[in-house]
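Please look through the model with these notes beside it. They are meant for a careful first reading, one point at a time.

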Amino acid sequence: MKENISPVLETGKALPKVKSKVIRNVAWVDRLAPYLFISPFILFFLALFIGPSIYSLVLSFFRYKGYGDATFVGIANYVSILQYHVFWTELVNTIFYWLVHVIPLMVGAFLLAVLVRSKFIKGQRFFKPVLFVPNIVATVAAALVFQSLFGTQYGVINKLLGTQIDWLHDPTITKFVVVLLLIWKGLGWWFIIFLVGLTSINPELEEAATVDGASVRQRLVYIVIPLMRNIFLFAFVIDAINSLRMFTEPNVLVGRSGQLADPEVAPLLNLLISNLRGASFGQASAVGWILFVLTLGITLIQFRILRSSDEER
Amino acid sequence: MASNATFVSKSGEGQARFSSKRLKKFFGYLVLWILSFLSLYPLAVMVLNSFKTDTEINGNPSGIPENFTLENYTQIFAVQGGLIGNFMNGIIIALITTVVSVFLAAMAAFAFSKYSFKGRNIIFAFLLSTMMVPHEITIPPLFLIFSKLGWVNTFQGMIVPGLVSVFGLFMLRQYMLGVPNEIFEAARIDGAGHWRLFWSIMVPIANPAIASLSILQFLGTWNSYLWPIIIAPDPSIQPIMAVLPTIRDQQGYAPLWATIMTGCVLATLPVILVFVIFQDKFISGVTVGAVK
């Protein structure tokens, strides 16, 4: 062991020993310093997240109107939510929005990234920002523009098609408009992420495969996609979490004058907000925790699927 | 298709390879131009319609304005119902949230990346795991607590919940881990205190990551909609995002599209500005955490 210690390090360690009194003070400060650095963050985190989370979990077992006494009701809040048909409608809507937008979004963004990176396309500096721009436009602004584009009487889309389709009044059609908005807004984000992912792949791997006669599709399927598996996992998990918490897109697109959207097209989070506005704090909290369980479940399933496909390979 | 082309070219028929390459190039550009058009078209409609009157928008919802007007823009500054106040509310909320949250995250990230202390890994792992929890579960309790504190319809009510960013902590720590330890050891031997290590050494070095996080944090707060409409129902204190969907005519029924589109331009302007100025930082910020 002793031989391993370099002379430089030894002198370095010996140096402070000269002033032993200063050292003791410094050591005390040294031990405290990292805790002082993290404590503001941790305090805010406890006050704004952990505390409220525990409070919310407790509330979900009580009936509480915001004043007076809270009554313990056990799991009654959860039971009544699960028996409420609006919960199921909004849950199905949320899952619809997620599943219908995620596949075209991810496949589209990935192929787009492959296309922009391929050797025969010039102008990355133009296409990258242009394709990314919809992502940074505020969801509220984007949803309002879509609302005007898809207006029944004066909307651009109906004018172009020469039709009178009730885009935003027929729930079945409206849901697809919401999906269009999600894809329009999300494509640029995942395009950039996948582009960076593609760039991080060692080009020698692809070159070697090309020399060995692998086609573009073979290179994608056998080299690029397996190497990017972690990025795909990240993408699917983040997108699922964000989809479950979706609120602004459907509500601003369909809601009249800042009101919540009708339950036929509303996402699950609307149930939390409407309970909150009805001063049913226990029920609102219970919806939040159901949302949490769903998020956790979907994330675990995705990890399972993507991990196991890895093992098969 | 593609494999055939390569095969043919290998057997020496350069002509076939050339034309298939041209075809690929043509379709590649076609797809990119169509998607670029679709990306920009809604934004173009937004800008064009902000220069029209409401009556013109109904007849001409997407074309060039025939009676070009700046009235919508002067209307922003109107004393009654002007959007400039809401715009400023949004700026104030986003600026304060950004400065405080990035500062808190940077201090914590410095400790988590450059000090070893008891409980470091456990605390950090715990913080990371909470990123899985949808923050919406805190809405009912925060609403209750803030109501009791009298924070409904106040700036602090809208600002305070955004001050903690676990994502920001994670992002800055990732960057700071890459900063060599020797710099700090040398500074320690030269007698620099802990605060100087952070403020005069780490912050300048980690500046690119701090800038990226600030941009993301500013835009995230600027674009937020749900929490402001819950905690601040009074339109006079709301940020512009919360007000835009509620703009209606006197009867409170028909949306005033000219005003709404102008408001959307106003709401998008700071975002586009930030994007154009800081494009590289922006995109590097987006990809932190995804690609590692």
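1. A residue is called buried if 20 or more other C-beta atoms lie within 10 Å of its own, exposed if 12 or fewer do, and partly exposed in between, with C-beta atoms placed from the backbone. B:Asn153, with 15 C-beta neighbours inside 10 Å, therefore counts as partly exposed. Although B:Asn153 is not a glycine, it has a positive phi of about 60°, and it lies in the loop between helix H7 (139-149) and helix H8 (155-159) of chain B.

2. This is a predicted model, in which local features need pLDDT of at least 70 and side-chain atom pairs count only at pLDDT 80 or more, while totals for chains, interfaces and linings use all residues. Residues are numbered from 1 along each chain as its sequence is written, and chains are lettered from A and ligands numbered from 1 in the order in which they are written.

3. A:Ala279 is placed in the loop between helix H13 (269-277) and helix H14 (281-312) of chain A, where helices are DSSP runs of H or I with at least four residues, numbered from the N terminus. A:Ala279 counts as partly exposed because it has 14 C-beta neighbours inside 10 Å.

4. Chain B is divided into domain 1 (18-74) and domain 2 (82-287), with bounds that come from an automatic or database domain assignment. The centres of these two domains of chain B, taken over C-alpha atoms, are separated by 32 Å. Their contact takes 10 residues from domain 1 of chain B and 8 residues from domain 2 of chain B. On the side of domain 1 of chain B that touches domain 2 of chain B, the largest share, 3 residues, comes from H2(B).

Technical notes: Two residues are in contact if their C-beta atoms, placed from the backbone, lie within 7 Å. Helices (H or I, at least four residues) and strands (E, at least two) are DSSP runs, numbered from the N terminus.
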